[in-house]
Amino acid sequence: MSKSLIITEKPSVASDIARALGGFKKGKDYYENNRYLISWAVGHLFELAVPASMKEQDKWDMKKLPIMPAEFELEPADKMGSRVSALRKLIRDKNVSEIINACDAGREGELIFRYIIQYAGTRKPIKRLWLQSMTSEAIRDGFARLRSDAEMQPLASAARSRNEADWLVGINATRAFTLRLSGGRGSSVTSLGRVQTPTLAIIVDRENKINEFKPRELNEISGTFHAAADEYAGRWFDEAFKKDESENERTKRLLARLQLNLPDAKQRLDPEHGLLWEEHRAAPRLWHHEIAEAIQRKCSGKQGVVEVEEKKPSTQVAPQLYDLTSLQREANSRFGFSAKRTLQIAQALYERHKAITYPRTDSRALPEDYLPTVRSTLSKIDPAVAGFARKVLDNNWVKPNKRIFNDAKVGDHFAIIPTGTVPRSLDNNERAIFDMVTKRFVAVFFPSAQYENTTRITRVEGEPFKTEGKILIASGWLEVYGRETASEKPEENLPPVRQCDRVETVRIEINTEQTRPPARYN
């Protein structure tokens with residue numbers, strides 16, 4: 001009886017497919033039922049081989065470059081021989097009438113499968129299973145809509161081209177630079193590659209900036225003012241700042257306005273010694289402590305006047321769904337998890353608990369035909385956020401939205417979302433990551449949060465101090481995170497004042513710090 005051979009990229013996916021389709025018995029190298037055989041790769045099984053004519057050469061030779069094989073040969077990767085043999089035997093089995101590519105839905109998954117077929121030397125018919133979710137429902141739906149081999153040829157060509165280009169760049173650049181730098185192969189190989197070389201250049205450039213960095217002193221002036229029954233803070237800023245103003249012009253203008261005569265003003269005006277100030281978070285910080293002290297003396301103990309009070313409505317949309325990088329970044333910020341630990345937890349939630357979709361994704365969007373699945377998932381969501389999910393469904397907030405549903409921004413896999421399976425017996429770390437994914441999934445459909453941004457200018461002896469406050473008017477998506485108070489941050493609430501009101505200057509302070517070099521990349 002003829003059967004279809006399903007080849008997956010990972011053993012875990014083979015297990016998921018066997019469970020979804022049902023009726024399988026597990027052998028050493030495959031699962032089998034009366035219709036299918038399922039076997040698996042373990043990631044990339046093959047490498048592009050160095051041509052036989054080159055292997056015979058004892059030394060690298062610049063005259064032999066560039067190396068451009070007419071055809072690229074394959075060889076099994078290290079320690080992959082047994083897996084290659086098992087797959088080739090199944091592919092060539094006379095009872096296998098067709099092969100279904102169930103490797104990951106993307107360029108690399110396509111490449112892994114194509115190399116397996118090429119090495120096996122088969123011409124049997126091929127179909128493509130395209131899965132972006134590993135729930136049993138999604139797997140069965142995928143088998144009901146298998147893609148043709150012809151439809152996948154452009155992706156297969158792109159995968160081969162990328163891999164062959166990497167090989168050509170690596171082998172030619174490595175040999176050429178090694179020969180140029182060392183005069184021969186020797187024991188020191190200068191390894192270059194399409195990805196590793198620009199990545200290394202970025203790291204080296206950052207390291208050079210760190211090594212060349214010279215710390216400088218910066219001074220920020222802040223004022224504390226008393227109005228009504230409360231206090232508020234403001235930061236001094238240079239309101240006459242112009243982007244086209246030269247460093248010396250800016251310095252002279254401030255010195256003249258403050259009537260400050262620095263003994264070594266000429267040296268301080270020399271651009272070699274740095275700027276007088278820098279624009280930073282809308283409030284300049286002064287390079288020279290004497291300038292900051294002059295402003296402090298001028299304003300201390302003097303009354304201020306509220307000169308400007310502006311209020312503007314603003315909105316903040318919910319953060320996008322997680323990809324792996326954003327999940328790792330936030331988990332590190334909130335819980336101190338390393339990137340590796342977050343991935344381990346996410347993999348467990350995906351493989352063992354079936355609670356979230358595939359985590360190794362660089363997409364933050366969902367497919368455009370995924371609206372019914374989203375509504376179904378929201379109806380089965382974890383009880384901790386079920387009330388918010390019900391609110392989304394009752395208000396019909398799941399609608400076409402390119403920020404959420406966008407095929408152009410879905411790569412090998414889509415954003416990380418819950419599957420609708422309510423997991424049991426999660427440990428504390430798994431629960432923390434699962435809650436992050438679930439709340440983000442629900443919150444993304446909520447309306448924007450609404451704020452009232454307030455900008456206040458307080459003038460003391462002619463010197464302006466800027467105060468900015470942000471008042472939460474409607475919580476919107478923040479409701480999912482329990483932020484339903486009048487203000488997201490209490491310190492952003494400003495005491496009420498009117499334009500031209502006089503306020504007491506409680507204190508004028510100078511915050512001095514040293515500039516720091518850029519951080520090394522993590």
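# A tour of the predicted model

Select Arg 145 and Asp 141 to begin: their side chains form a salt bridge, with N to O at 2.7 Å (a salt bridge is a side-chain nitrogen of Lys or Arg within 4 Å of a carboxyl oxygen of Asp or Glu). Arg 145 is exposed at 53% relative accessible area, while Asp 141 is partly exposed at 36% (buried means under 20% relative accessible area, exposed over 50%, partly exposed in between, with a 1.4 Å probe and protein chains only).

This is a predicted model, in which local features need pLDDT of at least 70, side-chain atom pairs count only at pLDDT 80 or more, and totals for chains, interfaces and linings use all residues. Residues are numbered from 1 along each chain as its sequence is written, and side-chain values use heavy atoms, with hydrogens and water left out.

The structure holds 30 salt bridges. Go next to Glu 463 and Lys 298, whose side chains meet at 2.9 Å, N to O. Glu 463 is buried, at 0% relative accessible area; Lys 298 is partly exposed, at 27%.

Now select helix H14 (residues 386–394), where Asp 394 and Arg 390 are four residues apart and so separated by about one helical turn. Their side chains meet in a salt bridge of 3.5 Å, N to O. Asp 394 counts as exposed at 55%, and Arg 390 as partly exposed at 42%.

For a network of salt bridges, select Arg 107, Glu 108, Arg 162, Asp 166 and Arg 194 together.

Select Leu 48 in strand S5 (residues 46–48). Leu 48 counts as buried, at 11% relative accessibility. Leaving aside neighbours within four places in sequence, its contacts include Phe 72, Leu 74, Tyr 115 and Trp 167 (contact means heavy atoms within 4.5 Å). The C-alpha atoms of Leu 48 and Tyr 115 are 9.7 Å apart, although 67 residues separate the two along the chain.

Move to Thr 454 in strand S15 (residues 449–460). Thr 454 is also buried, at 6%. Not counting residues up to four places away in sequence, Thr 454 touches Glu 309, Glu 310, Lys 311, Thr 467, Glu 468, Gly 469 and Leu 494.

**Cysteines**

A search of the whole structure finds zero disulfides (pairs of cysteine sulfur atoms within 2.5 Å).

**Tyr 521**

Select Tyr 521, in the segment after strand S17 (502–514). Tyr 521 is partly exposed, at 45%.

**Confidence**

Colour by pLDDT last (the predictor's confidence in each residue, from 0 to 100). The protein has a mean pLDDT of 87, and 90% of its residues reach 70 or more. Select residues 264–284, where pLDDT stays under 50 and the model has 45 contacts beyond four places in sequence. Over residues 484–488 pLDDT also stays under 50, and the model has 15 such contacts there. Where pLDDT is low, predicted coordinates should not be read in detail.

Definitions and conventions: Helices (H or I, at least four residues) and strands (E, at least two) are DSSP runs, numbered from the N terminus.
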